[in-house]
Amino acid sequence: MRIVYHHRTASRDGQSTHIEEMIRGLRANGHTVVESAPAVHAAAASASGGSAGWVGRLKTWLPRPVYELAEIAYSFVAYRRLAQVIREHKPEGLYERYNLFLLAGVWAKKRFGIPLVLEVNAPMAVERAQYGGLAMPGLAHRIERYVWRQADCILPVTQVLADYMVSIGVDPARIHVIPNGINPAHFEHLPTSAAAKAELGLEGRLVVGFTGFVREWDRLDRIMKWVAAQDPRQNVHLLVIGDGPARAEIEACAAELGVPQQLSFTGAVPRERVPALSMAFDIALQTALVPYASPLCLFEYLALGKAIVAPDQPNHHEILSDGEDAVLYRPDDDQGIEKALDALLADAGLREKVAANASAVITRRGLTWSQHARRVVGLFDGLRAVKAS
């Protein structure tokens with residue numbers, strides 16, 4: 001097939017990873033993929049995973065209503081670019097990564113009669129109203145519902161998100177849950193755990209690890225306090241592969257507790273280096289997150305075969321089984337994550353069991369980008385068959 005992949009993402013974070021890996025998966029299955037997206041130079045995107053610099057400045061400078069109107073206006077720019085790509089390449093399918101106020105894909109579907117498959121990672125109108133603020137929430141919700149209902153197939157990353165879509169009137173027959181995944185090639189030829197620890201100067205330590213951009217709500221200060229409370233003979237260490245605005249607070253917490261030597265930050269590292277460094281983990285942390293999310297790092301922890309600690313919530317139940325391939329904790333329990341860490345620290349057999357079962361989840365559930373790409377192409381084939389009949 002010839003497929004146009006349309007998005008407006010300019011950041012260098014999990015969003016770009018999803019985009020790159022899905023395109024790579026489609027191409028690996030023999031399909032031609034043409035990208036229609038903002039022409040943002042890689043250097044313009046924040047190395048820490050934020051928006052491109054000019055986007056961030058617009059958000060800061062413009063009053064919120066004006067910025068939201070600018071987002072809507074951008075749909076006209078995106079549509080012109082997308083229409084040009086469609087005329088030039090004559091694709092058989094249009095795949096779009098959903099973003100709030102982005103109408104270009106729906107317009108192109110209607111104008112050119114191309115089936116539209118819409119990937120949705122979050123209910124953006126809900127998310128921005130709750131966390132970032134919206135000046136025009138009513139308009140945002142109406143546009144979101146309109147775009148979701150117009151897509152031929154819609155791909156939420158969790159069943160939790162799918163259920164929300166149904167609740168606002170999306171036809172369940174058009175909804176197909178496809179979570180995040182991994183590229184197996186990134187997990188080949190990895191060092192042993194001992195070798196990874198040696199590279200980081202962590203020989204002989206029991207390493208509790210976290211990967212990603214660290215923010216205040218990850219509450220790694222709680223983990224630092226737990227580390228400090230352990231018997232020194234346990235030699236527990238917190239390793240953070242990444243950086244973020246909460247780093248200084250966590251480092252200050254470790255210093256105040258008198259255990260700065262039990263905390264390490266790698267700082268921002270190239271994405272391809274993360275799996276090898278993460279092999280140093282004995283316990284991998286998935287901290288609390290929104291209930292509809294499909295976190296990339298969780299799938300990477302599974303592929304690495306690590307003992308995972310994660311919140312006990314429905315989106316994780318779709319992937320994990322408590323006590324089998326992860327230890328789940330109640331996020332509403334003030335000591336929930338600490339209790340889960342206590343259980344894994346005290347029981348080496350439990351650590352070994354959940355770690356051994358973790359990598360099997362990827363195979364059993366087909367959680368690779370190449371397999372997801374095949375599902376997407378199958379959906380396009382079905383849409384084309386219906387149109388031809």
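**Close-up views of cysteines and salt bridges**

No disulfide is found in a search of the whole structure, which is a predicted model.

**View 1. Cysteines Cys153 and Cys297.** Cys153 is buried, and its relative accessible area is 5%. Cys297 likewise counts as buried, at 15% relative accessibility. Both values fall below the cut-off, since buried means under 20% relative accessible area.

**View 2. The salt bridge between Arg222 and Glu338.** The structure holds 21 salt bridges. In one of them, Arg222 pairs with Glu338, and their closest N and O atoms are 2.6 Å apart. Arg222 belongs to helix α9 (residues 220–229) and Glu338 to helix α14 (residues 336–346), so this pair ties together parts that lie 116 residues apart in sequence. Glu338 is buried, with 9% relative accessible area.

**View 3. The salt bridge between Arg330 and Asp332.** The side chains of Arg330 and Asp332 form a salt bridge, with an N to O distance of 3.1 Å. Arg330 and Asp332 are both exposed.

**View 4. The salt bridge between Asp333 and Lys339.** Asp333 and Lys339 are joined by a salt bridge in which the closest N and O atoms are 2.8 Å apart. Lys339 has a relative accessible area of 49% and is therefore classed as partly exposed, given that exposed requires over 50%.

**View 5. A network of salt bridges.** Four residues are shown: Arg2, Glu92, Asp381 and Arg384. Salt bridges link these residues in a network.

Definitions and conventions
Residues numbered from 1 in each chain as written. Predicted model: local features only at pLDDT ≥ 70, side-chain atom pairs only at ≥ 80, totals over all residues. Heavy atoms only, no water. Disulfide = S-S within 2.5 Å. Buried < 20%, exposed > 50% of the residue type's maximum accessible area, 1.4 Å probe, protein only. Helix = DSSP H or I, 4+ residues; strand = E, 2+ residues; numbered from the N terminus.
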